[in-house]
Every structure is written in C-alpha cells, then in structure tokens.
Amino acid sequence: MSGVLVIAEQRRGELRPVSLELLGAAQALGGLPVAVAVLAPNPARFVPALSVPGVAEVITVELAISEFDPDTFESAVGALIRARAPAVVLMAHSVDSFGYAAALAARHGYGFATDVFKVERTGGELIATRGGYGQKVNVEVDFPGRDTVILALRANVFKPPEGTAAPVVSAFEAPAVESRSLGREYIEPPGGDDVDMSTAEFILSIGRGIGEEAKVAQFRELAQALGATLGCSRPIADAGWLPKSRQVGQSGKTASACKLYVAMGVSGAIQHLAGMKHVATIVAVNTDAEASIFSVAKYGIVGDIFEIAEELRRHF
Amino acid sequence: MKILVAVKQVAALEEDFEFRADGRDVDGDFLVMDLNEWDDYSLEEAVKIKEACGGAVEIVAVSVGPPTVDEALRKCLAKGADRAVRIWDEAMRGSDSIAVARILAAAARAEAPDLLFAGVQSSDQAVAATGIATAGFLGWPHAAVVSQFTYTPGAATAVLRRELEGGLLHELEIRTPAVLTIQLGINTPRYASLRSIKQAAAKPIELRTLADLSLNAAEVGEAGSSARVRRMYVPDKGRAELIEGSAAEQAKRLAAIIRESTGAA
Ligand SMILES: Cc1cc2nc3c(=O)[nH]c(=O)nc-3n(C[C@H](O)[C@H](O)[C@H](O)COP(=O)(O)OP(=O)(O)OC[C@H]3O[C@@H](n4cnc5c(N)ncnc54)[C@H](O)[C@@H]3O)c2cc1C
Ligand SMILES: Nc1ncnc2c1ncn2[C@@H]1O[C@H](COP(=O)(O)O)[C@@H](O)[C@H]1O
C-alpha cells in the first residue's frame, strides 16, 4: 500500500488519547492513504472511535491477551508491516512502544526515530524532527534508502482530527507466537497521600535545583504561605524527599486543574512537561537561561531559586 | 552468572556552544561529559543482585566510545563492576542507537551474560531505544522501563514491574537471558568510596575493536544507523517573557502575578 500505518494504543480496554493524535499527524504526510491498526481482544469495539476523517481503513488485529506483551506486539506489528509494506509507521513514543519498536526496527532494518514532534514529507522525502542535548537543540533527520520508516511520536503535540468518517474495516490475523514473558497483574501507583495534584489550581513545584533534602522544608513553608500545593519533579520523589503522589509528569500526576504553575529548579524534561505544559500561566525560575522549561513558561526568571524564594516570602 | 551493564557517556552543552562546521552536530569542544544518570541505577541493580547472593556474579560494564569514555567506565569499576570493556573503532563514530545496539549485541554474544541491563534512555539524546534494539539483534526476551526487579542467580525466569504512564505498574515474569531497560528510582545508587576510586584507577579497561567482534565498517557508524542527521539548530526560545531586575524586583513582580492569577488580595 506504501501509505501510512498507524498503530493505535489501548490500555485496559481504553483507547489512549495519543492514538488520535497519531491520526492527526498521519494527515500531514502529504496525502498518503492512512490505515490504523488496533491490537486487542475484541478489537472491533475500538472501530467507532478510530473512524475519523482522513482514515481510509481500520485494521482489527485480534489478540488473546489485553495487556501489552513485547513478543506478541513485535510479532503482530512486524507481520502487519510485511503484509502492507507501509512507507511510514506511526506509533506513540510511550512505555509500550519503548518495549518493542526498537527491536522491530533493528531486526528488519527499518528507518527509525523516536520522540519525534514534527514530521513532514516533501517530494517523497520524509523528514522528522526530535530534540537533542536535553532538548536544547532540534535535530532534523531523514532516512535515505529506507522503504519503511517507523516513527515514535511525542504525545500532546499533534492535533487529533475532528468529526467522524466511514473507513473500510478489515481484520488481520496475527501469526501465532510463543511469548517469553507472562503478564501477571497491574498495580496501582501508590496514592493515599494528603493531596490530589490533579485538582490543585495553584502548584509550586520544586526540582533537583533545590540540591538537598534539608531545603524542602523552606519550600513547603513558602507554598503554604502562598496558598499553593507543593509539587515536584521526579528526582525529588525518587529520593523520597516528597511523596510520589506529588510528582508531576508522565509517570506521576497531571496538573489537570492547575491555572498557575511555578516551577523552581526544574529543567523541563519532556516527561515533566507532559504533566504541566498545558497550564495557562507557568512561571519558571532557573539559573540556566537555556533550560527547556522556559520554552513552555509564560514568565521566566533567570535566577537562583533560594534568593527568589526568600524575597517572595516577604510579600505573603 | 554474569550481568552485562551497557553504559553511555552522555554530553551536556556548555552555556555558549557552537555547531560543527557541517551543522550536523555540536562542536565537541563545547560538551561536558558524564555517565548517563540511568546507568547509575542499572549498575547499582547489578551490584545488588551480586551482594544478595554472596558474590558469585560477575558484573561487566561495557561502553561503545572513544578513549574519553574510560572515565565513565572507571566510575563503574569504582561502584562495583568487576570488569570494564570499551569497544571502539573510528568507523563507529556517528553510530545512532541502532548501530550501537548492533555492536552491543556482538559484545553480548561474546560475553554470554545471563542478563543485560541498559538505561531506559540517555539524558542527552533521549532515544530510549538502545537496550531493546540490542535485544532485537540478539533475539532475547526483553522488557522496558523496569522499576522493580527480582532475580535469583541461576533461575530460568525473573519477575519485574514495568512502570507505565501515570505511575501504573505492570508485573510480569520473563525468561532469561533477557535484556532489561532500567528506570530511575529502582534503587538508591551508592557513592564510590575514595578507596574504591583508587582501586578502580589501577584496573585495566579491556578494549575490543570492530574485528574482535566480527563486525564490518558498513554495519556501524553513520552507515549502520537507522536515520541520518541533516542538521541541528537552536529552536525558537518560545514565549516566556523574562522578568528582569534584582531578585527583589523579580520576586515583587512574581508576587503580583500570583495575586493576579489566584485572585488573592
Ligand atoms: C519513562 C520516564 C518517565 C518519567 N517521568 C517523569 C515524571 O513523571 N516527572 C518528572 O519530573 N520526570 C520524569 N522523568 C525524568 C525526567 O526525564 C528528568 O530526569 C526529570 O524531570 C529531571 O528533573 P529536574 O528538572 O528536577 O532535574 P534536572 O534536570 O537535574 O534539573 C535541575 C534544574 O535546576 C536548575 N538549578 C540548579 N540549581 C539551581 C538554583 N540554585 N536556582 C535555580 N535553578 C537551579 C538547573 O539549571 C536545572 O535546570 C521520567 C523519565 C522517563 C524516562
Ligand atoms: N555508546 C553506548 N555504549 C554503551 N551503552 C549505550 C551506548 N549508548 C546507549 N547505551 C545504552 O542505552 C541506554 C539508553 O540510551 P538511548 O537508547 O540511546 O537513549 C543507555 O543508558 C545505555 O545503557
């Protein structure tokens, strides 16, 4: 078909929102026909949600297991690629795709790029853009001589198509595979702390810039004085300086209700931004003027968080 | 039993940096090198397995890179690796994650470990692919973003938890030999003692070349990579309005922004 093959992602029976974003990105690829595959037990249940404008075909792939399994996905998606010979395969840059996309690309010699936030196709040539050196530069890559290119796209970047359509629906039979891992159970993230970050409207967030555990108290006190909920980046939670329930980001909480987010000593790694970049008013305080947190902030202070914190305290 | 720990020396940019003349990378003079943060955790995980079983485990740190990488490998020796292997050939320059994985897979075939650990991603390029691509070349079972790991040396399977979006965990049992990519926070990496740093300085770093691993030049470097860098550039700085002035002035403005956005008096 030499079109675009999109791999939709579901977890525990729910389509992940990034699936529709992938379909939005597919439309920017210069009019190549778009097919979207969904791999799950009873995959037909996902067809209505995937029937959006721009999708020519929904391919259902029946799996025996509902949870992600690397061998099963590698084998099924691999077979699908060989059967359809797409020019471009789009998947999410997600924990599931971390688990098999690179192995697939390696084994079959496909072109490959991850965490892509921009794709274009001009004159038949595919160009993908990703970040480099801690997101401080943009890196433009292409794939000379590759008939098939797998791109893992960053979430919350591409706009999902709106409306409904009536694509062709077809079933693809995945080859039998003996998996070498056995899924056991899901375990909910530890919660039960005093706060629910997803309902906080004003968050004061601290990152590794605070340097040592002894400094946490000062920011806890500041947050209280400001009427803010104290949040943090991952290293602070990993070190046990604040409970995991206060971690904002991809593997933590999303600041869903937040209107004002003050980030202190947070560099702005993609996984942190995933939980807060949508907030209307973001203020970043960082000594590094090039820190990527400034690329999502409305206001920036290039300066020392301790000095700013001390001065700020005088006003409340 | 043996655990191979793949480690990368990552690069951070100096405050003022320049691109190379061809515009396809940053000039090497402006890079500050360090051991990838994730690799600290995977090395510690290997050391924990060794300590738990009383020592019958050999830990081999392996890195693909030029002589400057020795510094990162010495750090691993100081933190508990038994051996350090550096793989290099000028032909390997410019290797992307897939090409590095091809090299690591060849090294793993030669070393025949029971487990291969890699970091989830590198802090500089954040590809999140090398470990799982290595598993692809080897044809070994694999799991990504492992935040908890239980393995008894000699056992045919290991039990692990993958950390998914939102912090949800997924537990599974996997056959060995396997490749695992290790996530931050799985343990608390130790600091190397002064004594172990001194001892590490005296230990040899084993060198392997293209020929040692029976690879050819077309399989590595840019030729063996899955993508080609066209150019690198500094992105638009975005929309942040910088608040200038002394700390006192900056804080005053921040206080006003807070009052305005929260509606507080
Ligand atoms: C699968 C996956 C999931 C992840 N999930 C999350 C997540 O949910 N949340 C999350 O946060 N991260 C997550 N991460 C980790 C993420 O990649 C980064 O490692 C992390 O966000 C970095 O935290 P940080 O900004 O606090 O630290 P750093 O990146 O170390 O940044 C510290 C910053 O502080 C600044 N600084 C230092 N001193 C001062 C000072 N005195 N004054 C002002 N500024 C100062 C520095 O300039 C620097 O910018 C995840 C990673 C992976 C691979
Ligand atoms: N040059 C290298 N040598 C050894 N291991 C590497 C190298 N590059 C990447 N890795 C491994 O792959 C992990 C993730 O890197 P990446 O997939 O490039 O983001 C690192 O934490 C290392 O374990």
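Of the 265 residues in chain B, 54% are buried, where buried means under 20% relative accessible area, exposed over 50% and partly exposed in between, with a 1.4 Å probe and protein chains only. The structure is a predicted model, in which local features need pLDDT of at least 70 and side-chain atom pairs count only at pLDDT 80 or more, while totals for chains, interfaces and linings use all residues. Residues are numbered from 1 along each chain as its sequence is written, chains are lettered from A and ligands numbered from 1 in the order in which they are written, and side-chain values use heavy atoms, with hydrogens and water left out.

The secondary structure of chain B consists of 6 helices and 13 strands, both taken as DSSP runs numbered from the N terminus (helices H or I, at least four residues; strands E, at least two). The C-alpha trace of chain B spans about 65 × 45 × 40 Å along its principal axes. Among contacts in chain B with a separation of 6 or more, 69% join residues 24 or more positions apart, a contact being heavy atoms within 4.5 Å.

In soluble globular proteins, nonpolar side chains tend to be buried together. A nonpolar core is here a set of buried Ala, Val, Leu, Ile, Met, Phe, Trp, Tyr and Cys residues joined through side-chain atoms within 4.5 Å. The largest such core holds 108 residues, of which A:Ile7, A:Leu39, A:Ile150, B:Ile87, B:Phe117, B:Phe149 and B:Leu180 touch the most other members. Helix H3 of chain B (residues 97-111) gives the most to this core, with 9 residues. Leaving aside residues up to four places away in sequence, B:Leu180 touches B:Leu115, B:Leu116, B:Phe117, B:Ala118, B:Ala143, B:Val146, B:Phe149 and B:Leu160. Another core, of 41 residues, lies apart from the largest one and includes A:Val4, A:Ala26, A:Val34 and B:Val26.

Ligand 1 is surrounded by residues from chains A and B, so the site is shared between chains. Of the 30 residues around ligand 1 (those with a heavy atom within 4 Å of it), A:Ser233, A:Ser251, A:Ser267, A:Gln271 and A:Asn286 come nearest. By class, this shell has 9 nonpolar, 17 polar and 4 charged residues. Oxygen atoms of ligand 1 lie 2.8 Å from a polar side-chain atom of A:Gln247 and 2.7 Å from an N or O atom in the side chain of A:Gln271. On its own ligand 1 has 1000 Å² of accessible area, of which the protein covers 86%.

Around ligand 2 there are 19 residues, and B:Ala6, B:Asp39, B:Ser122, B:Ala129 and B:Thr130 come nearest. The shell around ligand 2 comprises 10 nonpolar, 7 polar and 2 charged residues, with Ala, Val, Leu, Ile, Met, Phe, Trp, Tyr, Cys and Pro counted as nonpolar, Asp, Glu, Lys and Arg as charged, and the others, Gly among them, as polar. An oxygen atom of ligand 2 is 3.0 Å from an N or O atom in the side chain of B:Ser97, and a backbone N or O atom of B:Ser122 lies 2.8 Å from an oxygen atom of the ligand. Taken alone, ligand 2 exposes 480 Å², and the protein buries 96% of that area.

How values were computed. Polar contact = N/O pair within 3.5 Å; in protein donor to acceptor, adjacent residues only side chain to side chain. Areas by Shrake-Rupley, 256 points an atom, 1.4 Å probe, with all protein chains shown as cover.
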